[in-house]
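Please open the model in your viewer and keep the sequence beside it.

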Amino acid sequence: MTGPFENKEIIERVLLIGIGTGDGDDIESSLSELSQLVETAGAVVVGRVVQNRESVHPATYLGKGKLEEVKWQIWETEATGVVCDDELSPAQLKNMEKALETKIMDRTMVILDIFASRADTKEGNIQVELAQLKFRAVRLVGMRDSLSRLGGGIGTRGPGETKLETDRRLIHQRIGQLKAELEDVKRHRQVSRQQRMRSGLLVAAIVGYTNAGKSTLLNALTGADILAEDKLFATLDPTTRNLKLPGGQQILLTDTVGFIRKLPHHLIEAFKSTLEEARYSDIILHVVDSSDPWMEQHMYVVYDTLRQLKIQDKTMVTVFNKIDQLPEGTILKDFASDYQVKLSARTGEGIGELKDVLEAVLQSRRVYLEKVFSYKEAGKLQMIRKTGRLLSEEYTEAGIAVKAYVPAEMFGQLFEQR
């Protein structure tokens, strides 16, 4: 039974605002994505406003006339806030709030709110809080009044207004603490990475635009029980799983955080320790949602983000996912990759072909080995079975005569005397 003072969560009603600088299709695509982001963050979109101009207004984002139109729409739709499709400067935030008399947010704030709600591990929480504090520290002057009245984003996630209302010195102290904690996480990652390298197993990093199906693919390949939802940024924390291929060889698969257009710089900085998993991998599995009408733009964003992270010269396998949602005969190509596979992670169609491609990549990185191992070195055969391909073994008086293909980086280790 509910009483007259039942506490209901207030759902934000927001207007989306974007600047079109010539390519009308692109602004529509960007606003559709912003709409998804806002809904993922827990708000309702009640309208869109687009202004076509050469560039954003340096003081108020929109021109004066358009601001008046937005003010009228806020009243008409009973909106509780406005979300701009670009990152706003402190001056733009302050001036827009003064002109529109409502809460002003931007794309970066919304993404940070989503990340704050999605982070489950200690590392994820550190990275999100660091990104939020860095982003908001420089905006304290412009946002101080609005924070005290309205709160900083959709909901009250992450550091929240209490921390942001403390002085700048305390915020920078907290940033310093978080950076030190991330360095500790980074050291642990490096130790794990070195152990993996010594094991001789190759690592494939799964990257892609958010909601392309990366976690679903990892689940389909390895039976990992990772949250896989039809949502933007459903998973933030990287997961590494072992995949045994049909030929008996093994490979490590690591899931990474999804990319998105206009990915905030602070997030790239904060999540570097996570994204470095891709930098130190041997293979990049680029998962693409082939059913998305903006597929090519999303592929460009992924390649551009990889360039920003200096992730280059890797064997690139493009995985065109969700082919079960495509008309028959659809042509899919990626001239920037070394291998291409079409599959549906959801139905399992094409998974076998991807495993064959991974085996081919492994084979291309191996060298032929023909050697007689002493019986004391019998343990090395297990290493060959795990990381290479054992062609034959013959037990003789002199030892075990082996013919095999092994990873180039393991070749020297197999000749070491212990």
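Is D184 buried, partly exposed or exposed? D184 is partly exposed, with a relative accessible area of 36%, where buried means under 20% relative accessible area, exposed means over 50%, and partly exposed lies in between (1.4 Å probe, protein chains only).

Before going further, note that this is a predicted model, in which local features need pLDDT of at least 70 and side-chain atom pairs count only at pLDDT 80 or more, while totals for chains, interfaces and linings use all residues. Residues are numbered from 1 along each chain as its sequence is written, and side-chain values use heavy atoms, with hydrogens and water left out.

Helices (H or I, at least four residues) and strands (E, at least two) are DSSP runs, numbered from the N terminus. R187 is partly exposed, at 47% relative accessibility.

**R48 and E28**

Next select R48 and E28, which form a salt bridge whose closest N and O atoms are 3.1 Å apart. R48 lies in strand β2 (residues 44-52) and E28 in helix α1 (residues 24-40), so this pair ties together parts that are 20 residues apart in sequence. R48 counts as partly exposed at 35% relative accessibility, and E28 is partly exposed with a relative accessible area of 37%.

**E393 and R385**

Move on to E393 and R385, whose side chains meet in a salt bridge at 2.8 Å, N to O. E393 is partly exposed at 29% relative accessibility, and R385 is partly exposed at 35%. Then select D26, E33, D85, D86, R107, R261 and K262, which salt bridges with shared partners join into one network. The structure holds 18 salt bridges.

**K214**

Finally, select K214 in helix α9 (residues 214-222). K214 is buried yet has no salt bridge, and the nearest side chain of opposite charge, D255, is 5.3 Å away; here Lys and Arg count as positive and Asp and Glu as negative, while His and the chain ends are not counted. Leaving aside residues up to four places away in sequence, K214 touches I206, V207, G208, Y209, D255, T256, V257, G258 and V287, contact meaning heavy atoms within 4.5 Å.

Definitions and conventions. A salt bridge is a side-chain nitrogen of Lys or Arg within 4 Å of a carboxyl oxygen of Asp or Glu.
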